[in-house]
Structure formats: C-alpha cells, structure tokens
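Biologist: I am new to this structure. Please show me how to read its main features.

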Amino acid sequence: MRIPAHSVCTAIRDDIVSGVHGRGSRLTEELLARRYGVSRVPVREALRTLEAEGFVVTRRHAGACVAEPTEREAADLLESRTLLEPLGASRAARRRTEAHLKVLRGLVRLGQERARQGSSDDLRSLGGWFHETLAQAAGSPSLAALLTQLRHKIAWLYAVETAADPVECWAEHGAIVDAVARGDGERARALMALHAERSTPAHRLRFADGGEAADRVRNSQRAVNMPSLRY
C-alpha cells in the first residue's frame, strides 16, 4: 500500500518542529525513506511541500536541508500571528456553526478547570486545540491553513513559557468565545488582538544545534502513522 505524501510530510514536519531534524541539517531522500518506512517517491513530494511552506530549502551541492530562518524572519512570524488571529476571530463571529461553539465552550470549560488545578502540560495542548478550532470556525480554509502553518513555525522557532496567570489566560479565551457566540466580530477581533499581544513576550527564540539530532535520524526509524503533534 502506498503511503500518501501528506502523511510523510506531516511526519517530517513534526520532526523538524520537535528538533529531530536540526536547523541546516541535510534531508536526504534515502535516509528519510528508511526512517519513515516508505519509498523515496512520497518523501520527494513531501520535501517539495515543506519547501513551499518554508521548513526546507534546496542548496547547491547539498540538496534539501532544514531551513535556518533569521531572527528577523522569526519575529515576522509573531507579528503575522498578531494580525491574522484577530481576523480569524472576527470571521468566526460571523461564520461559526453551533458545532464550533459547542467545541469551543467545552475547551474553555476544560481549560479553566485545568488552569485552576495547575496542569500546565494539559493547558498547552488545550490551547492549541482552542486556537485551531477557532481558526476552523472562521469558515476560510486558506486562512485556517495559514494560521496552522504559523503555529507550526512558531512552535519550531520559539519556546513558550507557561502563562504567568493561566486562569486569566483562559478567562480571555472565554471572553473571545462569548463574543463569537454573540456574532460580535469587532469585539472578538479586539479581544483576540489583546490576547495575542499579551502572549507574545512569553515566546523565547531557540536556535538549537542539529548535530545530535542528525545522529538520531541516522539510527532510528519512525512509522508515519504516529499521531501528529498539536501546538
């Protein structure tokens, strides 16, 4: 059975984000095919997709390599997030379905409960689900794809500190959902803009060395049907 290229793409992207494939390291089709247990054809297609997304670059005499964004490019990602997430929240207020609202409200209830309990690991995952669901509620596949790509890149380049006051953070999430439920696009936009601005200082740039990670790649194998990371 042929493994679809998008599954291979997801697996490689997840490993780039988590640092298994270090910045600047080579991504040879042979090693990647061995690691993910697939042929070279889906690997080749996946690398083309990842190059278009900015995770991979093709270098003369070296072939495909993990990209090495500059600090300015990394900063641009955060700025883009502060512009696009409010737009997504505004559109969600106009286009969300009852199913979206049900999921968002459930996530807020669970997030507020975990925040009171101090479950930081759960909060990180729930926060990712919240923002992903809100992006889907905007009813714009192109915007949702951009926001998902931004989240992946930000998770790759930044370590995010736990919110100083997670209870307040989830109160902000709840207020955004309330505005979306009322169809108040301007308030949803303003609340999300404030939320994104407040969370930006928690991001710490990380440029990890890929040498050790490259050794792990050469000596390991991973099935491509492993669950994708959530950010």
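Modeller: Helices (H or I, at least four residues) and strands (E, at least two) are DSSP runs, numbered from the N terminus. Here the chain follows the pattern α-α-α-β-β-α-α-α-α-β-α-α-β-α along the sequence, which comes to 10 helices and four strands. The model is predicted: local features need pLDDT of at least 70 and side-chain atom pairs count only at pLDDT 80 or more, while totals for chains, interfaces and linings use all residues. Residues are numbered from 1 along each chain as its sequence is written, and side-chain values use heavy atoms, with hydrogens and water left out.

Biologist: What share of the 231 residues counts as buried?

Modeller: Buried means under 20% relative accessible area, exposed over 50%, and partly exposed in between (1.4 Å probe, protein chains only). In this chain, 44% of the 231 residues count as buried.

Biologist: Which residues have the most contacts inside the largest nonpolar core?

Modeller: A nonpolar core is a set of buried Ala, Val, Leu, Ile, Met, Phe, Trp, Tyr and Cys residues joined through side-chain atoms within 4.5 Å. The largest one has 34 residues, and Ile 12, Ile 16, Leu 27, Val 56 and Trp 156 have the most contacts inside it. Helix α7 (141–157) is one of the elements that supply at least two residues; α7 gives the most, with eight. Domain 1 (5–66) and domain 2 (71–205) both give residues to this core, so it lies between them; the domain bounds come from an automatic or database domain assignment.

Biologist: What does Ile 16 touch, leaving aside its neighbours within four places in sequence?

Modeller: Contact means heavy atoms within 4.5 Å. Ile 16 is in contact with His 21, Leu 27, Phe 55, Val 56, Val 66 and Trp 156.

Biologist: How many aromatic pairs does the structure hold?

Modeller: Rings of Phe, Tyr and Trp (its six-membered ring) pair if their centres lie within 6.5 Å; planes under 30 degrees apart count as stacked, over 60 as edge-to-face and the rest as tilted. There are two aromatic pairs here. The ring centres of Phe 55 and Trp 156 are 5.3 Å apart and their planes are at 35 degrees, so this pair is tilted. Phe 55 lies in the loop between α3 and β1 (56–59) and Trp 156 in helix α7, so the pair ties together parts 101 residues apart in sequence. Phe 130 and Trp 170 form an edge-to-face pair, 6.1 Å centre to centre with 70 degrees between the planes. Both Phe 130 and Trp 170 are buried.
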